Amino acid sequence: MNYSAIFHRPMSEYAHAVDETHYIFRLRTAANDIKECTFYFGDRAAMSPEITFTSVPMKKVRSDIYYDYYEVLLETEYLRVAYYFEMNDGNEKAYYLGDCFSKTDDVERYEYFQLPFNLRSDRVVTPEWVKDAVVYNIFPDSFANGKRTMYPRESCIHYNDEQCRSLLGGTIRGIEENLDYIAELGCNCIYLNPFFVANSYHKYDLVDYFHVDPTRGTDEDFRSLVQKAHSMGMKVIIDGVFNHTSWRHEFFQDVLKNGKSSPYYDYFYDIPDEPAFPGAGELPKYLCFAYVADMPKTNTANQGLKDYFCEVGAYWVREFDIDGWRLDVANELDDQFLRAFRNVAKKEKEDLLVIGEVWENANHYVNGNMMDGAMNYDVRRYCGQFFAYKTIDAEEFDARVSNLLMRYPKQATYAQLNLLDSHDVSRFFTECGEDRDKMELSILFLMTFVGMPCIFYGDEKGLSGKTEPEYRRPMEFDRQDLLEDVYKKLIKLRKDHSCLRNGEYETLLAEDGAYAFRRSNENEAVSIYINNGDKDISVPESANVILSKNVNGSTVGKNGYVVILEK
């Protein structure tokens, strides 16, 4: 038995409550090592001298080239659970309890693993609507300034003493005038990059957190947009920039003027006693977003600033009825602020979504009290490696998929914002070498994987771009591109089958360029076979093929796929 590969962590994605009577427990072992795994549980608060344990077989739910993952969905009235694992590899039996391996399970009651209490406030509870969400991400400057129009026009409008710039001239009203276009594509949620008062065209250097930038429109324009979206059954998520402000923000301007005597001095992180904006070619002597002097880093641990930003979070929910916040540079915000922000915002609207920009594993934050989910850049990374560049095979791809599925509490996986590209990276179509076959296979996976699929504006039009501002190019509504039909049919596939939105995920095949998986719930099951290799692959014969490409009978050709309804 390979003990070094065995892993469990109490009170984590490996052990967590789902609701009042259901719990998820997981165990990781080396691949193909354990023949049988049994879960034992009992009432840790039992008044008897010894705990009475009940056994439940564990199911191998994920298996890749590195590890096997066992899981049990436990139903019990116990609010306090003591538990351990029994493993059998065919040659020996071992017990795993309290982070120790043992040849016996007869130990003191405090030596078992413990889930101390099923606290409602500690559970991961995500908005139910996220399971059905298909998100359209809009960079406001670039999307639209009329119905089906985006005429580029650079502008600069004064707001009080500030100059607010637009590079292309997209507006909030333009977004509203094209909500029908977004709905026709199949999306039922929009996520907007910043549109608050700011100096730069991208609006990540905020000057005023409580008003719409004049180059984008007015506060009433945004109110109208939200109302129109809601009337069409669409949710609205907006971007919150709290890791930094503009150097032109009144707080930082006061710090530049008064130094340590400014009441806002501690609103910023590691400011020198006599701060100054750097000259040309100089690095700032204060901390910033990256090394951009225009965006000084905030100290969100300061109570005054925390209260200010929390009021921003509540204000846009209370006054405009938004449905979610996406937090910029979330992994540089302190944990206490994230908890406070989430609590304040959700007090205004219980089913509000809070997700964060975390480019890597966001397990630390997606735990029920900081964020509901994160931007899942790993979907882009892994699809790039498998579909676009073909630097990994199906086995490696599946190992990465296992990582995505096992890294968070189960209910949180449905709140991950899965994306192929965004305003911060090159267009995925460019990464595919503008190969439509590669792009279509990637979209198929995006639309059938666990979590919220997110489309960056214009992806459906085949927009390309390697660097900024090219990948933030103007929307081309009149452009004829086959990808629009691809997106429509694959979004429809997701919307037509509930198991693709809320079902379990099971790998069926991962070999060379052939990858297949099944999504299933209590009502139906759908299997997807993808040929990302050079050789034809065989699939089970079925009369219930609901979508296919490059399929001849039971054979799927290169760049082909088949989607089968099993029940």
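Trainee: Which residue in S20 is the bridge partner of Gly240?
Mentor: This model is predicted, so local features need pLDDT of at least 70, side-chain atom pairs count only at pLDDT 80 or more, and totals for chains, interfaces and linings use all residues. Residues are numbered from 1 along each chain as its sequence is written, and side-chain values use heavy atoms, with hydrogens and water left out. Strand S17 (residues 235-240) pairs in the parallel sense with strand S20 (residues 324-327) over four bridges; strands are DSSP runs of E with at least two residues, helices runs of H or I with at least four, numbered from the N terminus, and two strands pair if DSSP finds at least two bridges between them. In S20, the partner of Gly240 is Leu327.

Trainee: How many strands form the closed barrel?
Mentor: Follow the order S11-S14-S17-S20-S21-S22-S23-S24. The pairing is parallel. Neighbouring strands are turned by 25 degrees against each other on average, direction ignored. The number of strands in the closed barrel is eight.

Trainee: Are H8 and H9 roughly parallel or roughly antiparallel to each other?
Mentor: The axes of H8 (residues 377-388) and H9 (residues 394-406) come within 10 Å and cross at roughly 170 degrees. Axes are lines fitted to C-alpha atoms, for helices over the stretch in contact, and angles run from 0 to 180 degrees between N-to-C directions. Angles over 145 degrees count as roughly antiparallel, under 35 as roughly parallel, 65 to 115 as roughly perpendicular and the rest as oblique. H8 and H9 are therefore roughly antiparallel.

Trainee: In the contact of H8 with H9, how many residues are nonpolar?
Mentor: Contact means heavy atoms within 4.5 Å. Residues of H8 including Tyr382 and Phe386 meet residues of H9, among them Phe397 and Leu404. Ala, Val, Leu, Ile, Met, Phe, Trp, Tyr, Cys and Pro count as nonpolar, Asp, Glu, Lys and Arg as charged, and the others, Gly among them, as polar. Besides two polar and two charged residues, the nonpolar count is eight.

Trainee: At about what angle does H8 run to S22?
Mentor: H8 lies across two strands, S22 (373-376) and S23 (417-419). Its angle to S22 is about 30 degrees.

Trainee: Which strands stand at the edges of the open sheet?
Mentor: The order of the four strands is S1-S2-S6-S5, with antiparallel pairing. Three bridges join S1 to S2, and His16 stands opposite Ile24 in S2. Each edge strand has a single partner, so one side of it is left without a neighbour in the sheet. The edge strands are S1 and S5.

Trainee: Which strand gives the most to the lining of the largest pocket?
Mentor: A pocket is an open set of points on a 1 Å grid over the protein atoms alone, where a 1.4 Å probe fits and protein lies on both sides within 12 Å along at least five of seven lines; lining residues have an atom within 4 Å of a point. This pocket has 34 lining residues, with Ile24 and Glu71 among those nearest its centre. Several elements give two or more residues to the lining, including S2, S6 and H9. The most, five residues, comes from S5.

Trainee: What is the volume of the largest cavity?
Mentor: In a cavity the probe fits but cannot get out. Its lining includes Leu404, Phe449 and Val450, and no charged residues. Grid points are joined across faces, edges and corners, and the space filled by probe spheres set on them is the volume. For the largest cavity, that is about 40 Å³.
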